[in-house]
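Please have the sequence and the model open side by side as you read.

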There are 2 protein chains.
Amino acid sequence: MYIKSIEIKDKRFNLSDGIGSDATHTTPQYAYAVCCLKTDTAETGIGLAFTLGAGTDLICKAIEYLSVDLVGREIEELMSDFGTVYSKMVDSPSLRWLGPHKGVIHLALAAIVNSCYDLWAKSRNVPLWKLLLDLSPEELVNTLDLSYLEDVFTREQAIALLRDNLSTRDMRKKVLSTGYKGYDTSVGWFNFSDEKIVENTKRAMDNGFTALKLKVGSNDPLRDIRRANLIRNTAGCNATIMVDANQKWNVTQALDICKRLGEINPFWIEEPTHPDDIIGHKTIARAIAPFKVATGEHIPNKIIFKNFFQAKAMDFCQVDTVRVGGISEFLTISLLSKSMGIPVVPHVGDMGQIHQHLVLFNHIGMNHEHLFLEHIPHLKQYFVNPAVIVDAHYQIPQVSGSSSDLKD
Amino acid sequence: MYIKSIEIKDKRFNLSDGIGSDATHTTPQYAYAVCCLKTDTAETGIGLAFTLGAGTDLICKAIEYLSVDLVGREIEELMSDFGTVYSKMVDSPSLRWLGPHKGVIHLALAAIVNSCYDLWAKSRNVPLWKLLLDLSPEELVNTLDLSYLEDVFTREQAIALLRDNLSTRDMRKKVLSTGYKGYDTSVGWFNFSDEKIVENTKRAMDNGFTALKLKVGSNDPLRDIRRANLIRNTAGCNATIMVDANQKWNVTQALDICKRLGEINPFWIEEPTHPDDIIGHKTIARAIAPFKVATGEHIPNKIIFKNFFQAKAMDFCQVDTVRVGGISEFLTISLLSKSMGIPVVPHVGDMGQIHQHLVLFNHIGMNHEHLFLEHIPHLKQYFVNPAVIVDAHYQIPQVSGSSSDLKD
């Protein structure tokens with residue numbers, strides 16, 4: 001199967017009634033820069049990068065610049081040494097200046113890389129999670145670029161980590177019959193009224209969810225605290241409740257407000273301050289323990305994740321395959337994360353479509369704990385094969401590819 | 001003076017014969033995304049963001065998106081509270097997703113912000129350095145956005161730092177008669193032959209330069225060491241020689257090679273590894289002392305600089321006003337840097353045109369040490385008022401504005 005041409009799409013979806021709103025991103029669309037690898041067959045590889053609408057066209061243009069060398073490549077041959085292909089793209093000598101490894105050009109790389117893995121799985125007629133499980137440790141690591149990690153994590157360690165977990169895979173394959181547990185982010189968007197949050201919480205619990213997220217970061221902390229109590233009182237003391245400030249606070253504010261939010265016993269505080277502030281996160285994590293800090297949706301690459309892990313500045317790693325350099329860098333960061341003892345709970349800019357595959361591989365292949373995967377339902381009608389949630393569990397995808405196809 | 005419209009230009013300049021090459025950026029152009037603020041007068045505010053050519057159009061498009069609210073604004077009124085204007089642009093709720101505060105959208109912000117200060121200086125008919133010196137501490141700090149720094153540096157501390165250095169300014173105004181010392185980066189580009197490096201070194205010394213830079217980061221470290229010895233032997237033991245790896249090494253390699261480069265007694269090692277690796281830089285700085293670590297040309301914002309300073313991971317701060325959010329964020333980082341005891345020695349993506357003003361203000365207004373400013377001559381013929389170097393010293397610019405005007 002050969003890549004014949006590349007088509008790029010700018011897909012934006014309007015949201016209504018406060019859906020998707022948070023303290024920082026007040027009026028989002030949900031949007032994808034889409035890389036489509038057309039082949040000599042009926043299959044097309046589809047790769048997504050996620051945005052909030054504005055500027056998606058910049059990523060589309062960058063996809064065009066970064067993907068030129070893929071045309072003419074045979075997919076098995078391409079993926080047999082994809083780490084090299086990846087590193088050529090990510091270190092493109094002049095485009096690299098615009099990052100490196102962050103911002104628009106790195107989002108473009110995400111879409112391109114995701115399209116390659118999608119096509120690979122489609123060409124083998126298996127869902128992405130199965131493709132990854134079918135690869136030998138060496139074959140999988142050949143698709144990664146481990147540069148700049150050598151001081152803490154080498155190619156040999158990556159292969160050993162995968163190999164050491166081969167013999168116990170069967171135990172963890174239980175997840176293929178139970179499905180992967182989900183948590184519900186859509187109960188508590190920032191602009192939702194108190195009444196709507198209560199109503200949504202009840203509906204989520206009725207649908208089997210036991211883990212829910214509330215957006216905080218209000219100008220008036222009392223609003224956050226009132227709403228956090230509301231959701232706790234509605235959901236009961238056994239529910240797992242996460243609060244998410246979406247970077248709104250500076251470190252000083254975060255230290256103050258997080259302590260007061262502690263009274264509702266949150267499972268984690270997400271993005272309590274600026275995503276670049278490693279030392280700030282470390283300070284907050286120390287101060288609010290035993291409450292945990294989660295972050296990662298705005299961390300663009302493996303090097304910054306490495307620093308966060310080294311500094312013990314996050315308790316949960318929320319890497320997102322439509323933010324970092326696609327599935328390749330997602331797997332790199334998941335391996336690194338496992339080796340440094342940090343659980344991966346992805347942020348789902350892809351609405352869980354790709355990540356439902358990736359958490360299965362992380363759990364079965366790397367022995368990452370089966371925690372839960374974020375669930376956001378707002379784009380279901382636009383996907384050809386939307387994720388299926390039954391009793392708050394992601395059902396195991398059976399269609400070939402990475403579930404990224406969008407309806408026309 | 002009102003901003004009537006905004007014109008955006010994509011200017012790329014070819015380089016020849018290995019000029020501009022380094023271990024990572026092998027075939028650069030030098031290029032600017034240019035933001036032009038047209039007014040109701042003959043004056044135009046010009047702001048630059050620097051790239052290596054590829055993708056400059058992406059920044060131009062982002063300038064268009066980020067700058068819309070500037071049309072119709074009066075320049076004195078705009079700059080009287082520019083910190084608020086800046087924070088509205090930098091935290092634009094949906095475009096922010098593409099960073100935040102890094103990559104293409106932040107480079108676009110650099111061009112926009114630089115154009116506002118340029119127009120402000122032109123409207124007052126003074127060179128930028130004099131505009132900045134003429135502002136009261138409060139007026140200057142009103143042009144800054146100090147958010148996310150409050151845990152280490154507040155608005156009150158910024159004002160106090162400037163105020164405390166008012167009474168001793170006259171002493172430091174000596175620099176206005178001597179000029180600001182330069183150092184020569186163009187002797188040792190990566191692709192230059194050994195012969196050319198020797199010849200350039202001799203010429204630079206003849207022209208009064210006593211500080212020179214060599215590009216290292218070769219696949220074969222012996223090449224780096226040979227060339228470092230060559231330049232040391234040619235320049236003599238009193239010359240100040242900096243070596244610059246342009247991010248080529250991982251931490252393990254850097255530790256090894258930096259020790260071997262120590263034999264030529266370098267003044268600093270620049271970008272020894274990936275610019276995002278704060279802990280890596282800290283490790284290297286500890287290991288190679290008394291040799292110093294310089295970095296910053298790829299650090300996009302104040303928050304990451306804050307972390308570098310907190311971790312004592314750099315000895316010299318090479319912030320670049322055409323990489324961070326323009327002159328506003330440059331000044332913020334310079335204040336923070338001063339308060340945390342780190343000297344600022346800018347990287348000059350602007351070829352020193354804007355930075356020749358900024359180092360004067362940093363020295364006279366903030367009491368930053370008068371070290372030296374990078375000098376790169378390759379775009380001289382394209383600027384309307386190119387920096388003038390006499391006996392290796394930048395002469396004090398007298399024309400109004402920030403010296404950013406490019407010939408048509």
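In which loop of chain B is Pro290(B) found? Pro290(B) sits in the loop between α13 and β8 (292–295) of chain B; helices here are DSSP runs of H or I with at least four residues, strands are runs of E with at least two, and both are numbered from the N terminus. The peptide bond that leads from Ala289(B) to Pro290(B) is cis, with omega near 15 degrees.

Before going further, a word on the ground rules. This is a predicted model, in which local features need pLDDT of at least 70 and side-chain atom pairs count only at pLDDT 80 or more, while totals for chains, interfaces and linings use all residues. Residues are numbered from 1 along each chain as its sequence is written, and chains are lettered from A and ligands numbered from 1 in the order in which they are written.

How confident is the predictor? On pLDDT, the predictor's confidence in each residue from 0 to 100, chain A averages 98, and 100% of the residues score at least 70. For the complex, the predictor gives an ipTM of 0.98 and a pTM of 0.98.

Now look at chain A as a whole. Its secondary structure comes to 16 helices and twelve strands. Along the principal axes, the C-alpha atoms of chain A fill a box of roughly 60 × 45 × 45 Å. A compact globule of 408 residues would have a radius of gyration near 22 Å, and the 20 Å of chain A agrees with that; the radius is taken over C-alpha atoms, and the globule rule is 2.2 Å times the number of residues to the power 0.38. Of the 408 residues in chain A, 58% are buried. Here a residue is buried if 20 or more other C-beta atoms lie within 10 Å of its own, exposed if 12 or fewer, and partly exposed in between, with C-beta atoms placed from the backbone. Two residues are in contact if their C-beta atoms, placed from the backbone, lie within 7 Å. Among contacts in chain A between residues at least 6 apart in sequence, 75% join residues at least 24 apart.

Chain A is divided into domain 1 (3–126) and domain 2 (169–394), with bounds that come from an automatic or database domain assignment. The centres of these two domains of chain A, taken over C-alpha atoms, are separated by 24 Å. Where they meet, 28 residues of domain 1 of chain A are in contact with 29 residues of domain 2 of chain A. On the domain 1 side, β3 (44–51), α3 (82–90) and α4 (103–123) of chain A are the elements that give two or more residues, and α4(A) gives the most, with eight residues.

Two loops of chain A deserve a visit. Pro100(A) lies in the loop between α3 and α4 of chain A, and the peptide bond from Gly99(A) to Pro100(A) is cis, with omega near 0 degrees. Asn246(A) lies in the loop between β6 (240–244) and α12 of chain A. Phi of Asn246(A) is near 45 degrees, a positive value in a residue other than glycine, and Asn246(A) is buried, with 20 other C-beta atoms within 10 Å.

Lys312(B), in the loop between α14 and β9 (316–317) of chain B, has a positive phi of about 50 degrees although it is not a glycine. Lys312(B) counts as partly exposed, with 15 C-beta neighbours inside 10 Å.

Finally, how do the chains come together? The contact takes 47 residues from chain B and 48 residues from chain A. The elements that give two or more residues to the chain B side are α1 (56–66), α4 (103–123), α12 (251–261), α13 (278–288) and α14 (302–310) of chain B. Eight of the eleven residues of α1(B) are buried, so α1(B) is largely enclosed by the rest of the structure; among those buried are Leu58(B), Ile59(B) and Lys61(B).

Chain B can be laid on chain A with an RMSD of 0.0 Å by a turn of 180 degrees and a shift of 0.0 Å along the axis. The two copies are thus related as by a two-fold rotation axis. The superposition is by least squares on the C-alpha atoms of residues with pLDDT of at least 70 in both copies. Of the residues of chain B, Gly103(B) comes closest to the rotation axis, at 2.2 Å (C-alpha). Because 100% of the interface residues of chain B are also interface residues in chain A, the copies meet through the same surface.
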